[in-house]
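Dear colleague,

Please find the structure below, together with its sequence. My notes on the sheet, the helices and the charged pairs follow it.

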Amino acid sequence: MHVVVIEDDDAVADGIVDGLSDRSITTTRVATGTEGIAAVASLQPDLVVLDLGLPDMDGTEVCRRLRATSAVPIIIVSARDEEVDRVVALEIGADDYVVKPFGMRELVARI
């Protein structure tokens, strides 16, 4: 399995990448929405883990753009914990939504 992790926070990204690698899941990590869209297009991963707070565009826009060209499963990971945030993300095409902080076992179970 190959997962693209789109996360700008190095500490969070490193934790996700390390946790997935420990479970023999291959990852590619990028830090911006633009890089994420390009990585998904070129690598055609099995899944995307997407943060909403990216430096160049909101993760919801990344989700919309990915959904316009790909059916790749998308799991949002975000500190935004309001119901409206979760509902909007799911309505625009995310397959799941995990609120930070989260446990790696939970993320892997959702994957």
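**Charged pairs and the sheet**

Glu-7 counts as buried, at 1% relative accessibility; buried means under 20% relative accessible area, exposed over 50%, and partly exposed in between (1.4 Å probe, protein chains only). Please note that this is a predicted model, in which local features need pLDDT of at least 70 and side-chain atom pairs count only at pLDDT 80 or more, while totals for chains, interfaces and linings use all residues. Residues are numbered from 1 along each chain as its sequence is written, and side-chain values use heavy atoms, with hydrogens and water left out.

The side chain of Glu-7 meets that of Lys-100 in a salt bridge of 2.9 Å, N to O (a side-chain nitrogen of Lys or Arg within 4 Å of a carboxyl oxygen of Asp or Glu). This pair links distant parts of the chain, 93 residues apart: Glu-7 is in the loop between S1 and H1, and Lys-100 in the loop between S5 and helix H5 (104–110). Helices (H or I, at least four residues) and strands (E, at least two) are DSSP runs, numbered from the N terminus. Lys-100 likewise counts as buried, at 19% relative accessibility. Together with Asp-51, Glu-7 and Lys-100 are linked in a network of salt bridges.

The structure holds nine salt bridges. Another of them joins the side chains of Asp-58 and Arg-80 (2.7 Å, N to O). Asp-58 lies in the loop between S3 and helix H3 (59–69) and Arg-80 in the loop between S4 and H4, so the pair ties together parts 22 residues apart in sequence. Asp-58 is partly exposed at 28% relative accessibility, as is Arg-80 at 31%. Within helix H3, Arg-65 and Glu-61 are four residues apart, or about one helical turn, and form a salt bridge whose closest N and O atoms are 2.9 Å apart.

As for the sheet, five strands form an open arrangement in the order S2-S1-S3-S4-S5, with parallel pairing (two strands pair if DSSP finds at least two bridges between them). Strands S2 (26–30) and S5 (96–99) stand at the edges with a single partner strand each, so one side of each is left without a neighbour in the sheet. S1 (residues 2–6) pairs with S2 over five bridges in the parallel sense, and Thr-26 in S2 is the bridge partner of His-2.

Yours sincerely
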